[in-house]
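Subject: Structure for your files

Hello,

Here is the structure I promised to send over. Please open it alongside this message, as the notes refer to it throughout.

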Amino acid sequence: MSGAVELKPAAGVVTAFSADEIRAMEEALEAALQGPRGANPLVGAVVIGPDGRHLVTGHHRGAGTAHAEADAIAQAAAVGLDLSGCTMVITLEPCNHVGRTGPCTEAIIAAGITDVVYAIDDPHDPAAGGAATLRNAGVSVRSGLGAEEALDLNRQWFEAVAAKRPFVTLHIAQTLDARIAAEDGTSQWISSPESLADNHGIRGRIDAILVGTQTVLVDNPRLTARNPSGGLAAKQPVRAVMGLRDIPCDAAIRGDDGLATHLPTRDPDEALSMLYDAGARHIMVEGGSRILSTFLSAGLVDELIMYLAPTLLGSGTPALDGLGITTLADAQQWEWDASDGGAVRTLGRDLRLHLRPQRRVALDHQPTRGTAEQAQGGR
């Protein structure tokens, strides 16, 4: 390979990365964006041959699916590609543990890959150590290429992991004039059938869905995940209700599957702590304007998904109940999120808007290993 570039990774050791490896990392970062955010980080992997030729690209598609490294190796095997002597370029250190899937380090070694270049260390204690395992097996390992971009790619996930709380997706279905219900309280259905189906798809991959007691008392929702035919999806989220009021015995949310839980608190941090202790690593907050505003005001939203219906009500229930902001200088700033299908999509008659909090500080260091525990179903 030619065109070597000198970069300084986080460890402070100057490492040479070829132009082919740099291009492969750019492709891996793009591939990572195809996956959904949540309990797992977005990860992409590209394999290049000894001559620098691009061979195959993989990415992670969410908890329980093949990791990016295994995805790339499986694609190569499907078309009869021998990866012996090749280089794999990855946006995150290969995992070193058995979770819902096997260790990526073992898959890399078994495939005969002799060189691994990754961007940043994995902060999960059980998953970390992949680089050492690979080196012990005789694989050449270098890190630091694309580190800042890789940190930015998953910055909210890193924050959630370090704080030992679930990754939080907040969902709003509203009209053009930011109403979630009409004056008489009716709200079914503001969103299009396509938006509702998309929302049920998200419910099917999260660990818990969280609403407030007001939503339960007024709307009496089931909060189940449904498949396209309308039946119950195979995987159901825990149905959590946050608030101090009692939940009626006949509330639809209770169901008969034992997945309903009451969190007797109005503190969003405490609610997240309870859900984390119960094993939830990705939750979605729905419900009324009060709970939506509570989580936004607390800065506890990692991902915002808004279904915007081409409808005007003029009055009714506003989507938000105030964020404590009195001047434009204090406004919350968000940015478009290109992951998982893009920042803006048309779903039937609706627009699906996908955002994440605007980057607040420079990402000038890697997350420290040992700052977080293994996420359930994580890497």
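Below are notes on the salt bridges, some single residues, a helix and a surface patch.

This is a predicted model, in which local features need pLDDT of at least 70 and side-chain atom pairs count only at pLDDT 80 or more, while totals for chains, interfaces and linings use all residues. Residues are numbered from 1 along each chain as its sequence is written, and side-chain values use heavy atoms, with hydrogens and water left out.

Salt bridges

Side chains of opposite charge can pair when their charged atoms come close. The structure holds 18 salt bridges, a salt bridge being a side-chain nitrogen of Lys or Arg within 4 Å of a carboxyl oxygen of Asp or Glu.

One of them joins R37 to D337, with 2.6 Å between the closest N and O atoms. R37 is in the loop between α1 (19–32) and β3 (44–48), and D337 is in the loop between β16 (334–336) and β17 (344–347), so this pair ties together parts that are 300 residues apart in sequence. Helices (H or I, at least four residues) and strands (E, at least two) are DSSP runs, numbered from the N terminus. R37 is buried at 8% relative accessible area, and D337 is buried at 1%. Here buried means under 20% relative accessible area, exposed means over 50%, and partly exposed is in between (1.4 Å probe, protein chains only).

A second pair is R359 and D152, whose closest N and O atoms are 3.8 Å apart. R359 lies in the segment after β18 and D152 in helix α5 (residues 147–153), so the two tie together parts that are 207 residues apart in sequence. R359 is partly exposed, at 30% relative accessibility, whereas D152 counts as buried at 19%. Both residues belong to a network of salt bridges that links E148, D152, R155, E335, R356 and R359.

E286 sits in the loop between β13 (282–285) and α10, and R203 in helix α7 (residues 193–203), so the pair ties together parts that are 83 residues apart in sequence. Both E286 and R203 are buried.

Helix α10

Which residues of helix α10 (residues 289–297) are buried? They are S289, I291, L292, S293, F295 and L296. An α-helix has 3.6 residues a turn, so residues three or four places apart point the same way. Just after α10, G299 has a positive phi of about 70°.

Q156 is in helix α6 (residues 155–163) and is buried, at 6% relative accessible area. Leaving aside residues up to four places away in sequence, Q156 touches F167, V301, D302 and P357, where contact means heavy atoms within 4.5 Å.

P103 lies in the loop between β5 (87–90) and α3 (104–110) and counts as buried at 12% relative accessibility.

Surface patch

W336, V344 and L351 form a nonpolar surface patch with about 300 Å² of accessible area together. L351 is in strand β18 (residues 350–357) and is partly exposed, at 34% relative accessible area. Patches are made of residues with over 30% relative accessible area and no salt bridge, with like charges joined within 9 Å and nonpolar side chains (Val, Leu, Ile, Met, Phe, Trp, Tyr) within 5 Å. Accessible areas come from the Shrake-Rupley method with a 1.4 Å probe, and for residues only the protein chains shown count as cover.

Regards
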